[in-house]
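Have a go before reading on.

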Amino acid sequence: LGIQAYTSVPPPSTVKHEVSEGISTITLTTGKVLCREDLENSLQSLLWAEQPETVADNNRSHGAADSDDMVILRMKGRVHTDTGWFMVQGVRDLYELTPIPDPETQQHLIFIGSHLDCQRLQNATKMYPR
């Protein structure tokens, strides 16, 4: 396809980008090695404990439309933890960390959703806005 999705070119420098009405993206990055256990606990808290129950209902397109609750629809990126490098993939309340070789690039997490709170994501992941 020639889209160079995994090249060493850093992601765009915008912190928050409006994709469509009510849906935006936030990119976080860090130069630190993250604790895998802490990262997984944070992702689980963000995806499971803090999501409104209506998000699990597949008949709803973007979660609770009348709510200001943060809803994470998609998450992706590369992270360097104390147990190695991982590709992070997440959709709604499901996520996985897949081991990858050292990509020789900056680690980052991209969150796509509605009512995304940059400070809350930053506090949970210990990563910083790009």
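**Exercise 1.** Find H115 and R92, and work out which loops hold them and whether each is buried or exposed or in between.

*Solution.* Start with H115, which sits in the loop between β6 (107-114) and α2. Keep in mind that this is a predicted model. Now check the backbone: H115 isn't a glycine, yet its phi is positive, about 55°. Its relative accessible area is 36%; buried needs under 20% and exposed over 50%, so H115 counts as partly exposed.

Next, R92. You'll find R92 in the loop joining β4 (84-91) to β5 (94-99). R92 also has a positive phi, about 50°, without being a glycine. With a relative accessible area of 18%, R92 falls under the 20% cut-off and is therefore buried.

**Exercise 2.** Walk along helix α2: which residues are buried, and where do they lie around the axis?

*Solution.* Begin at the start of the helix, where a side-chain oxygen of D117 comes to within 3.1 Å of the backbone nitrogen of Q119. Then list the buried residues of α2 (residues 118-125): C118, L121, Q122 and T125. These cover an arc of only 100° around the axis, so they end up on the same side of α2. Finally, step just past α2, where K126 adopts a positive phi of about 65°.

**Exercise 3.** Track down the aromatic pair: which residues form it, and which parts of the chain does it link?

*Solution.* The count is 1 aromatic pair. Its members are W48 and Y95, with 6.1 Å from centre to centre and 50° between the planes, a tilted arrangement. Now place them: W48 belongs to helix α1 (residues 36-49) and Y95 to strand β5, so the pair links distant parts of the chain, 47 residues apart. As for cover, W48 is partly exposed at 47% relative accessibility, whereas Y95 is buried at 18%.

**Exercise 4.** Zoom out: how many helices and strands are there, and in what pattern do they follow along the sequence?

*Solution.* Count the elements to get 2 helices and 7 strands. Reading along the sequence gives β-β-α-β-β-β-β-α-β. For the contacts, take those between residues at least 6 apart in sequence: 68% of them join residues at least 24 apart. To finish, look at burial and surface. Of the 130 residues, 40% are buried, and the accessible surface comes to about 7,600 Å², with 51% belonging to carbon and sulfur atoms.

Notes:
Residues are numbered from 1 along each chain as its sequence is written. This is a predicted model: local features need pLDDT of at least 70, side-chain atom pairs count only at pLDDT 80 or more; totals for chains, interfaces and linings use all residues. Side-chain values use heavy atoms; hydrogens and water are left out. Helices (H or I, at least four residues) and strands (E, at least two) are DSSP runs, numbered from the N terminus. Buried means under 20% relative accessible area, exposed over 50%, partly exposed in between (1.4 Å probe, protein chains only). Contact means heavy atoms within 4.5 Å. Accessible areas come from the Shrake-Rupley method with a 1.4 Å probe; for residues, only the protein chains shown count as cover. The arc is that of the directions from the helix axis to the C-beta atoms. A polar contact is a pair of N or O atoms within 3.5 Å; within protein, one must be able to donate a hydrogen and the other to accept it, and residues adjacent in sequence count only if both atoms are side-chain atoms. Rings of Phe, Tyr and Trp (its six-membered ring) pair if their centres lie within 6.5 Å; planes under 30 degrees apart count as stacked, over 60 as edge-to-face and the rest as tilted.
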